[in-house]
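Here's a quick briefing to read alongside the model. Have the structure open and follow along topic by topic.

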Amino acid sequence: MQYIEGLEAYQGSGRTAVTLGKFDGLHRGHEKLIEKVIEYAGTEKIDSVVCSFNMIPFFDSQMIAREILMTKEEQRLRLEGRIDKLVDCPFTKEFSMIPAEDFIRDVLAGLFHAAFVVVGTDFCFGYQKRGTIHMLKKYEETYGYKLIVIEKERYQDRVISSTYIKEELAKGNLALANHLLGYPYTIVGVVEHGKQLGRRLGFPTLNVAPGARKTIPPKGVYVSRSYIDNCGYGGICNVGVKPTVTEANRILVESYLFDYDGDAYGKKVATELHEFRRPERKFADVSEMKECIDRDIEYGKRYFSGK
């Protein structure tokens, strides 16, 4: 997969099947769009393209304190090997001012040379969101693409959305959030040096800081699976501030992996949260903390032995 930062960096000259949107979380609703793009691209032997609107520049410029389910790096890793091109498109003030008709002409037709445009029923684009699926349909013949509109994916009576998933994560309903996503909620980061207390207590851990604006589920211990160097390892992790051993109020994901004994410092780790075990707590002392973590480890091992 080719990762392209900014529309101005896109240099493809061939026809494409393209889908566009924020794609925060790449949940089951987004997956329907991506699968359709891959299907049409394969049928016509053209490039499959996902144009992802990166909302962080917009949030920053408007001082909006909105969290995201997925960082750029997490999105990239999730799509790696599935599509031909991922275009990271910063949603700036200038980008938001592009008239909808110009967007069709200059971006969909002129830049992406779209043969197929795949979007959801509520897709809007262009200045003041004046572009809709009806406008895209109107210009089909003019610019030589075929519009494919995909119905929203639902769970029971509610449309699956990033907002819905954030609500469930905030409630601690990890099982439902993972079901809506279609995969375990994942936090990606680089392993940093800690105080090595876990190593001295017999369970060395990997410390990872979540990306900026990343939605953090309730603090606590989770059954997890971490991927290092393309290998997965079952384990447990604590998402929180480790109140027993530090007064720093910094969120970290601290993972103990059952079958890993390598040196992971400086390496990228993707940690999936599979099941909530217990809330984070401050123990009376390190000895009490170790006893509880030993029980957490046994629980995690039983979890994976039953899979």
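One definition before the tour: a polar contact is a pair of N or O atoms within 3.5 Å, and inside a protein one of them must be able to donate a hydrogen and the other to accept it. Keep in mind that this is a predicted model. The chain has 11 helices and 14 strands, and buried residues make up 48% of its 307 residues.

**Thr186 and its surroundings**

- The side chain of Thr186 reaches the backbone oxygen of Pro184 at 2.8 Å, and that sits inside the 3.5 Å limit for a polar contact.
- Thr186 itself belongs to strand 9, which covers residues 185-192.
- Is Thr186 buried or exposed? Its relative accessibility is 15%, so Thr186 counts as buried, the cut-off being under 20%.
- Leaving out residues up to four places away in sequence, Thr186 touches Glu74, Lys214, Ala270, Thr271 and Glu272.

**Helix 8 against helix 9**

- Two packed helices are described by the angle between their axes and the distance between the axes.
- For helix 8 (residues 162-171) and helix 9 (residues 174-181), the axes come within 8 Å and cross at roughly 160°.
- That angle makes helix 8 roughly antiparallel to helix 9, because angles over 145 degrees count that way.
- The crossing of helix 8 past helix 9 is left-handed.
- On the helix 8 side, the residues involved are Tyr164, Ile165, Glu168 and Leu169; they meet Leu174, Leu176, Ala177, Leu180 and Leu181 of helix 9.
- Sorted by type, the residues of this contact come out as eight nonpolar, no polar and one charged.

- Which residues of helix 5 (residues 100-111) are buried? They are Ala100, Phe103, Ile104, Val107, Leu108, Ala109 and Leu111.
- An α-helix has 3.6 residues a turn, so residues three or four places apart point the same way.
- Among the strands, the buried residues of helix 5 pack against strand 2 (16-21), strand 3 (47-54) and strand 5 (114-120).
- The helices they pack against are helix 4 (93-96), helix 6 (133-138) and helix 7 (140-143).
- After helix 5 comes His113, with a positive phi near 50°.

**The chain as a whole**

- Taken along the principal axes, the C-alpha atoms fill a box of roughly 70 × 40 × 40 Å.
- Of the contacts in the chain with a separation of 6 or more, 74% are between residues 24 or more positions apart.

Definitions and conventions
Residues numbered from 1 in each chain as written. Predicted model: local features only at pLDDT ≥ 70, side-chain atom pairs only at ≥ 80, totals over all residues. Heavy atoms only, no water. Helix = DSSP H or I, 4+ residues; strand = E, 2+ residues; numbered from the N terminus. Buried < 20%, exposed > 50% of the residue type's maximum accessible area, 1.4 Å probe, protein only. Contact = heavy atoms within 4.5 Å. Axes fitted to C-alpha atoms, helices over the stretch in contact; angles between N-to-C directions. Parallel < 35°, antiparallel > 145°, perpendicular 65-115°, else oblique. Left-handed = near helix turned anticlockwise from the far one by under 90°. Nonpolar A, V, L, I, M, F, W, Y, C, P; charged D, E, K, R; others polar.
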